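Visitor: I have a structure open and would like to learn how to read a few of its features. Could you walk me through them?

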Amino acid sequence: MLAANLTVCRIGSADHDILAPLWVSSVSDDGHRTHFAERQVTEGRLANALAREEVSIYLARVDDVPAGFTVLTLDQLSGLTVEPTLWLEQLWVVPELRRRGVSRVLLAAAVSRAEQVGATSLVSCVPAAGRDEQRFLARLGFGPYVSARSVAPAALRRRLATDDHRETVATALVRRRRSLRARAALPRL
């Protein structure tokens, strides 16, 4: 059921002050710390995203009140393909205005943008724990493509160093056992 007076428009750098509080709310709604989002706003990262040519942000309003937004990024599906893909980076609706068609209207804007830029696919990025979001997108025809996993570079470096150490210990153990077997096989005088 669509809400009365539901509108969607693409926003840009001039709309920073409208998007910033919504974006901060979306970050805290996902269970993250609000100060992270607020710092991104004060450091100008949100403004930089709004100014990037490959990023499209659409804002939905219900009765002229900001109701939600979607962030789309035009890129390739992978580094080995040349077909353009529109990435649905974020889709968020104000909790009090959910179940009124806001997400559907934002997704319709994403479809229009994909057609406008000639994107061959629309790919959604949904947190693994976002079961409701997964179900919603699955009902609309989104299917699984890949399972994306992430790690901080420093954490991966530590893990790789640990794995290298384990391999070195295992190799040393095998070498020591072979050496002991070789000594045992020598004739005793």
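Visitor: How many disulfides does the count come to?

Guide: A disulfide is a pair of cysteine sulfur atoms within 2.5 Å. By this rule, the count here is 0 disulfides. This is a predicted model, where local features need pLDDT of at least 70, side-chain atom pairs count only at pLDDT 80 or more, and totals for chains, interfaces and linings use all residues. Residues are numbered from 1 along each chain as its sequence is written, and side-chain values use heavy atoms, leaving out hydrogens and water.

Visitor: Is Cys9 buried, exposed or partly exposed, and why?

Guide: Buried means under 20% relative accessible area, exposed over 50%, and partly exposed in between (1.4 Å probe, protein chains only). Cys9 is partly exposed because its relative accessibility is 34%. Cys125 also counts as partly exposed, at 34%.

Visitor: How many aromatic pairs does a search of the whole structure find?

Guide: Rings of Phe, Tyr and Trp (its six-membered ring) pair if their centres lie within 6.5 Å; planes under 30 degrees apart are stacked, over 60 edge-to-face, and the rest tilted. The search finds 1 aromatic pair. Phe69 and Trp92 form it, tilted, with 6.1 Å centre to centre and 45° between the planes. The pair links distant parts of the chain, 23 residues apart: Phe69 lies in strand E3 (residues 65–76) and Trp92 in strand E4 (residues 84–93). Strands are DSSP runs (E, at least two residues), numbered from the N terminus.

Visitor: Why does Phe69 count as buried?

Guide: Its relative accessibility is 0%, so Phe69 counts as buried. Trp92 is buried too, at 6%.

Key
Helix = DSSP H or I, 4+ residues; strand = E, 2+ residues; numbered from the N terminus.
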